[in-house]
Amino acid sequence: MTAIPTEPRFLGGLAPREDNYLTHQAGIGSWVFTLDHKRIGVMYLVAILVAFLLGGIFALLIRVQLLRPEGLLFHGSDLSVYKTYNQLFTLHGAVMIFLVLIPGVPGALGNFVLPLMLGAKDVAFPRLNLWSFYLYVLGALLALASILIGAVDTGWTFYTPYAAQTNTAVIPLVFGAFILGFSSIFTGMNFIVTIHKMRPAGMTWFRMPLLLWSLYATAIIQIMATPVLGITLLLLILERLFQLGIFDPYFGGDPLLFQHFFWFYSHPAVYIMILPAMGVMSEVIATFSRREIFGYRFVALSSIAIAVIGFFVWGHHMFPNGQSGPLNTIFSGLTMLVALPSAVKVWNWLATMYKGSISLQTPMCYSLAFFFLFAIGGLTGLFLASLSTNFHLHDTYFVVAHFHYVMIGGTMFMFIAGLHYWWPKMTGRMFNDALGRLACLLLFVGFNVTFFPQFLMGTHGMPRRYAVYKPEFQPYHVLSTIGGFLQFAALVLIAGYLVHSLYRGRRAAANPWGGSTLEWTCSSPPPHDNFPTPPVVRAPYDHKHLLWNETLGGYEWQPVENETR
Amino acid sequence: MMDMLPHLFADSGVWLGPPASTSAEQHDVVFYTVLYISAFFFFLVVTLMLVFIVVYRRRKPGEDRGGPTHNTPLEIIWTGIPLVVVLVIFVLGFRGFLDIDTPPSDATVIDVEARQWAFSFTYPNGAVSERLILQIDQPVVLQLHSVDVLHSLYIPAFRMQRNAIPGRTTEMWFQPTKLGTYHVFCTQYCGDGHALMTTEAQVVDAAGYSAQLAQLANIFVDPGTRQPLPYAQVGERLYKSSGCAQCHSADGSVGQGPTWQGLFKRDQKFAVAPAGYTLTAADDDARWEEYLRESIVDPGAKVVQGYQNVMPAYASQFGGSAYKEKKLAAIVEYIKSLDNHGPDGQPKYYRPQESPQTPSAAAPATAEDNSAPPSTQGKTEP
Amino acid sequence: MTDATNVAGHHDEGWHLAHHFETPAQQFESGKLGIWLFLTTEILLFSGLFCAYAVYRANHPEIFAYAHLYLSKSLGALNTVVLIFSSFTMAAAVRAAQLGQTRWQVRLLALTLVCGFAFLGVKSVEYQAKWKEGLLAGRAYQPAAPPHGAVVPEPPQRAESATGAAGGQPESAGGMKLDKSTIAPAAVGRPGLSEKWLQGKAAHPDGHWVGPEPNNVQLFFGIYFAMTGLHGVHVLAGMAAIAWVLVRARRGEFGPKYFSPVDFTGLYWHLVDLVWIFLFPLLYLIH
């Protein structure tokens, strides 16, 4: 055979080790043109983390501005000075939503894990997968270009007529989002076909791991909702280029129609963000409680229910915006219903922990944080779904706090949980678990200090998207900014020990956590073609035969014959 | 712990300020109901979680406790109870909504015009104000429209907001129940000045309400002495209330629009103007006044070099009736009065306390005009 | 399996089993599911425009009743026939590929491509006519004359410079910032076809429209250009795909064992045809 492969230099070691997907081929070309879903997943991960850093910097600048009622960074009587602030919150939203949250779990974690969990060699369309990634990069570059040309100041929601009139670089940013939509659609197509057609023998629908149910439901939303965003953004571009007049009241158009089109996508989009996170939650809770997920079928079908009902509630973003009363009522009622499948999941996860054997390693700490934060996020949604209270809270900081609780407290916390959970699999290294738990605590505290005061601000009437504000709100804003920097510190700590683990981390066993799904049966990192021999498919979440092996430093499947009970 | 939070708002709770309208009081009942329900479920989830991680912690690797894997009756219960709860919340919210969506037939109608970046309220007697003046215990319907982009009128104390949409009229109503002054915010992002698009709602008693409205109906008359006010003084008030002050300073400082200090009869250079048009210090008053009037009602016609063509047109506010044209004249008078004094301390061009320059002589007098109709061309000397 | 004779003497050469699939059947079925999912996304893309059409037509049928008279029904019908015929040739090409008949594959694909060019040719004729007659969207709507079949009492008032809205204020010399405080409601009177219109129609049965030009006719053209333009882009993309498949067919890559690229391109082309079959009556055949 060829020479013993050595570890790539960027992973810090020259020690010989087994051939794996990272060492299989060397050189930048082997990454740029790779068709390996694992490498594509890693590239997505790096890109998404860079975008997260950028969006986070915008957020910190916003919080610094809001330390003073008259504005710390931007102040004065010349109104154009606030344009920069408006650009900051627009870009913070656009980057975080389109470049981090929507591609996040499916792109960075799903791409890596899904075929492994299925015992497959790759996704159904590897070349389409690579296209997905490059479309992501193209969309991201267009968004960056728009920042350099004349950063958009419309809010990430691009409401007309302002978005049709403002003389900032709306078209590059909106076109970038259009391209990113295709990236999302192609990922969705890939996942649906892979799950339909490439399940191994013995893995029926109801024997699939729950992450796959979540990714499947997410993929359905991706292909059904994203095209509507596509046409909306296209029409906005035409509106700006040719004054098409569809949304401009001056030419007989209807600005409210834009809002309907926009939210028809953007509400299901939030389920694209949360469903994969809930899938990760199922995996982590099962593994770290050493239990089957309680009520498997209910959890699986609740993902589909959320995806379906989620298409019918978009109007709750528009209650005071001029919609008719009957329409408001229908949307309010349906929005109440969409809360139920999420509640069902929470009860089932708690029941999974009942009589489990719970180990509080880092991924599990994030899951506990999820219970706390998603409960708050979800319950505050009820205030916004109710027609009476919405007219008070709409477009105030209450809404800002609500969606950050579900998007960060829900999606990002589980993204980080998943990153830690599959880190040994992806890199072959263990990170420092004590630091992991400390960072989780710091992030959790920082997050609550940032966003809980925002609920109180909102109920007292502080509007959102304000560069300056009335002095009585200052104490809340100061608290919020302090929390923001605490979160930043926590994230720096996480980045620190994870990067350190790449160079100095203990080598990981194939199954360090005791996970029962198929990705834990191959080596850490996996070989290039995942499974040299097709893996044996068992019932999901059967932990009974997974026993700790001290020499290996991981869990091992004990054959059934040794069972004495 | 509640006491540690600074007392930011007088008489306010942790969550809400004092309600100041009938629907605000109803809203608060719904709000606190949902809050207590949410708090219950939150504490339930977190407590169960904490209990489980203690009681069922892993004591040695590989241990199994053999818990249940499914229980359909339980699933039905914990789906059914939240279903009932959300339906209750829905009904509460819906009933509150029915109330806020149906204004009483005897409500006073106030027209609200939203523009970048100020609100303007027009009362039934024709008075116009930048503040919302309300009579206690009287229902009011606001009819909102916008002249440029989306805006939204939000009064936290009344727990109410509604978007103002260009090309449409939207409505909201409330009945104030407490005297006081309350914040009014714009809550639909509308551009650079969104955060400054704030004003006040003043709830006063019946006497105060009638007095203020009468005074607003004709701002050219001093409310105390019933004597006519100098046009420049009225102009200064309009300068502040019509949004001019946001972009044009009166003291020379730089803004989005040229400063008004010393503007009258200062050589102008134009970036946009009809071919051959010039305006210099040597031009006569009439040409200057015409230019200033045009700049207010059709600002895009001539744009001064170094500035952007971003000023909204004020044609509807200052044109279309003799009263509105008087207001336009008042603003022009105010501009003329700004730093136009010669070295001897006397006004260089005219004395602003004297009779004003005139708009079109053909404008008919209306009942609103308490002062004499404007005389024809030319300034008068004392 | 009989080997049909063909140009180069071989077929099925384009096929190989991808490394991540277990069986050829799995590969084909995956591809098929994939293209159907993609077609679903295309349907949803167009559905936004159909929705905008429905909303505006429901609120202002007079705009559509008037403005569609500007469109040429015969050219639209011609395009419809061309596209339906091209769908037939495409389906036949797929059949030829399944049978390994290389010569017929190439002919039929080329014929489909020709139909595509014909469609785009007719479209460009229509677009050129619109441009010449000033029938464009938004601000650029400056019609030279009322449409055929409309009896319009007097020509509509229009300011000397381009304004699109009814009661439009004159534009300032800078070409910007109209007085938006006078935004007129979108149509005169209640939306819908008025009594007067119906009376006028009874009096002039040959005139499809009797009455003044409705406000905001430019809305129709906004929708028209958005819908037909997006459809045209898809026709172009379909033609590119067919051309590529044509090149591969000439090389003899397709046969009974492997014809999925032809099959999938055919499915896409049928969808493009289907969208037009909806567009044509909605835009051209309004009664």
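Predicted model: local features only at pLDDT ≥ 70, side-chain atom pairs only at ≥ 80, totals over all residues.
Residues are numbered from 1 along each chain as its sequence is written, while chains are lettered from A and ligands numbered from 1 in the order in which they are written.

Chain A turns out to have 16 helices and 2 strands; helices (H or I, at least four residues) and strands (E, at least two) are DSSP runs, numbered from the N terminus. Its radius of gyration is 24 Å, close to the 24 Å that the globule rule gives for 565 residues, so chain A is as compact as a globular protein of that length. That radius is taken over C-alpha atoms, and the rule is 2.2 Å times the number of residues to the power 0.38. Along the principal axes, the C-alpha atoms of chain A fill a box of roughly 75 × 50 × 45 Å. Of the 565 residues of chain A, 66% come out as buried, that is, with 20 or more other C-beta atoms, placed from the backbone, within 10 Å of their own. Two residues are in contact if their C-beta atoms, placed from the backbone, lie within 7 Å. Among such contacts in chain A between residues at least 6 apart in sequence, 81% join residues at least 24 apart.

An automatic or database domain assignment divides chain A into domain 1 (1-31) and domain 2 (34-562). The C-alpha centres of these two domains of chain A sit 32 Å apart. Here 10 residues of domain 1 touch 13 residues of domain 2. On the domain 1 side there are 4 nonpolar, 4 polar and 2 charged residues. Ala, Val, Leu, Ile, Met, Phe, Trp, Tyr, Cys and Pro count as nonpolar, Asp, Glu, Lys and Arg as charged, and the others, Gly among them, as polar.

Now for the neighbours. The contact between chains A and B takes 79 residues from chain A and 82 residues from chain B. Helix H11 (residues 325-353) of chain A brings the largest share of chain A's side, 14 residues. That side has 43 nonpolar, 25 polar and 11 charged residues.

With chain C, the contact takes 33 residues from chain A and 32 residues from chain C. On chain A's side, the elements giving two or more residues are helices H7 (170-197), H8 (210-242) and H9 (255-289). H8(A) gives the most, with 10 residues. By class, this side of chain A holds 23 nonpolar, 7 polar and 3 charged residues.

Conventions: Buried ≥ 20, exposed ≤ 12 C-beta atoms within 10 Å, placed from the backbone.
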